Amino acid sequence: MARLFQPLGLRGLTLKNRVVVSPMQTYSAPEARATAWHQAHLARFALGGAGLVVAEATAVTPEGRSTDLDLGLWDGAQEHALRGLAEAVHACGAALGVQLQHAGRKAATSAPWEGFRPLAPEAGGAVLGPTDAPAAPGGHVPRAMAPSDMAPLVAAYAAAARRADTAGVDLIEIHMAHGYLLHSFLSPLSNTRADAYGGAIEGRMRFPLEVVEGVRAAWPAHKPLACRISSVDGIGIGWSLEDSQVLVKALIAAGVDLVDCSSGGMILPSGQMMVPRGPGFQVPFASQLRRATGACVIAVGGIADAAEAEAVLTREDADLVAIGRAMLADPNWALHAAATLVEDGGWAHWPKPFGWWLERRARAARRYKA
């Protein structure tokens with residue numbers, strides 16, 4: 001059997017295949033709640049054969065949203081809406097993951113089609129960061145988090161995890177990448193603190209690990225926990241792959257089961273930015289981290305072709321493959337991959353209500369040609 005369509009067990013969850021729908025923000029939740037639109041958007045990927053569908057970045061506090069159109073999970077109405085989303089994805093044959101997020105210095109901006117302009121923070125809230133340095137020129141000047149700010153935020157992550165469990169979510173992914181709050185604590189480019197939460201890598205990892213430990217304690221032991229990391233900040237600058245090895249080992253010790261290996265997120269000199277160099281440009285990060293730490297990893301970034309995804313798994317560069325833009329273009333990406341990779345044409349992977357008819361039509365066409 002093709003590696004892409006072999007099941008994978010993570011604690012008490014068994015994924016039917018290794019195809020992951022990458023979390024992709026859609027900026028379509030004006031009340032921070034999942035709607036029928038989100039159900040249709042994500043359930044179509046489940047119906048299209050993916051094993052794990054990960055919902056977009058979901059903020060743990062109102063002020064933790066990138067925009068006021070982001071999903072949230074800090075109240076009961078959001079939990080109820082998420083339950084409907086979980087039921088839709090499960091009914092269509094996939095497991096549901098949710099990516100918990102705090103945008104940190106990148107919070108309180110307009111939608112991307114309005115230029116990600118800085119907006120006034122949520123009433124009573126503040127844009128938070130490890131220091132008062134903005135994420136980019138002209139961006140919000142954040143309030144540097146005091147140690148007293150950290151326990152309430154850890155509690156907010158834990159509360160969101162409990163709500164996700166009650167809603168029927170199968171997997172949580174903590175967003176620790178792309179310049180958002182937890183990544184901004186990890187990177188020496190953004191974390192220049194002189195207290196216990198800065199300095200050497202152990203100090204910079206302290207707050208992100210406290211979040212992980214809080215979520216793991218709140219999240220049922222039989223459900224897997226993932227983290228998305230920026231494997232590197234850039235080319236020879238900031239957070240390095242060697243730093244990621246240290247972090248991944250600490251994440252495993254804290255009860256993390258799966259590492260989603262992305263990169264970037266900091267504003268860097270043009271010569272040191274991570275620029276995509278074709279299909280699978282981040283796969284080497286996943287491969288090296290998997291081999292150095294023994295972690296179960298997801299490869300993500302520029303993977304669009306079924307044969308390419310299969311090669312990533314066959315080379316043992318990763319345990320799962322996350323598909324983003326190619327999945328938006330073709331929600332049946334996984335089913336079409338099965339058609340090219342599975343000997344019987346992959347019909348067994350199609351939902352029975354229409355798979356049986358497609359298979360019969362294909363068999364009739366083969367008889368006619370014969």
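## Close-up views of a predicted model

**View 1. T109 sits in a loop between two strands.** T109 belongs to the loop between β6 (95-101) and β7 (128-129). Helices (H or I, at least four residues) and strands (E, at least two) are DSSP runs, numbered from the N terminus. This is a predicted model, in which local features need pLDDT of at least 70, side-chain atom pairs count only at pLDDT 80 or more, and totals for chains, interfaces and linings use all residues. Residues are numbered from 1 along each chain as its sequence is written, and side-chain values use heavy atoms, with hydrogens and water left out. Is T109 buried or exposed? T109 is buried, at a relative accessible area of 10%. Buried means under 20% relative accessible area, exposed means over 50%, and partly exposed lies in between (1.4 Å probe, protein chains only). Leaving out residues up to four places away in sequence, T109 touches S66, T67, D68, F116, R117, P118 and L119. Contact here means heavy atoms within 4.5 Å.

**View 2. Y27, W113 and F116 form one aromatic cluster.** A search of the whole structure finds three aromatic pairs. Rings of Phe, Tyr and Trp (its six-membered ring) pair if their centres lie within 6.5 Å; planes under 30 degrees apart count as stacked, over 60 as edge-to-face and the rest as tilted. Take Y27 and W113: their ring centres are 6.1 Å apart and their planes stand at 90°, so this pair is edge-to-face. The pair links distant parts of the chain, 86 residues apart. Y27 is in the loop between β3 (19-21) and α1 (36-47), and W113 is in the loop between β6 and β7. Y27 is buried, with a relative accessible area of 13%. W113 is exposed, with a relative accessible area of 58%. Y27 also pairs with F116, again edge-to-face, at 6.1 Å centre to centre and 70° between the planes. Y27 lies in the loop between β3 and α1 and F116 in the loop between β6 and β7, so this pair ties together parts that are 89 residues apart in sequence. F116 counts as partly exposed, at 40% relative accessibility.

**View 3. Charged side chains lie over tyrosine rings.** K106 lies over the face of Y180, 5.3 Å from the ring centre. The charged end of R206 sits over the ring of Y197, at 5.9 Å from its centre. A charge sits over a ring if NZ of Lys or CZ of Arg is within 6 Å of the ring centre and within 35 degrees of the ring normal.

**View 4. Strand β12 is covered on both faces.** In a regular strand the side chains alternate between the two faces of the sheet. Which residues of β12 (residues 297-300) are buried on each side? V297 and A299 are buried on one side, and I298 and V300 are buried on the other. Strand β11 (residues 258-262) pairs with β12 in the parallel sense, over three bridges. Two strands pair if DSSP finds at least two bridges between them. V259 stands opposite V297 in β12. From β11 the chain crosses through helix α7 (residues 283-293) to β12, and this β-α-β crossover is right-handed. Right-handed means that, with the strands pointing away from the viewer, the path from the first strand over the helix to the second runs clockwise. β12 is also joined to strand β13 (residues 320-323) by three bridges, and these strands run parallel. Here V300 stands opposite A322 in β13. β12, helix α8 (residues 306-314) and β13 make a right-handed β-α-β unit.

**View 5. R11 and A32 have positive phi values.** Most residues other than glycine have a negative phi. Phi of R11 is near 55°. R11 is found in the loop between β1 (8-10) and β2 (13-15), and counts as partly exposed at 42% relative accessibility. Phi of A32 is near 65°. A32 lies in the loop between β3 and α1, and counts as buried at 1% relative accessibility.

**View 6. The whole protein has 11 helices and 13 strands.** Its radius of gyration is 21 Å, close to the 21 Å that the globule rule gives for 370 residues, so the protein is as compact as a globular protein of that length. The radius is taken over C-alpha atoms, and the rule is 2.2 Å times the number of residues to the power 0.38. Buried residues make up 58% of the 370 residues.
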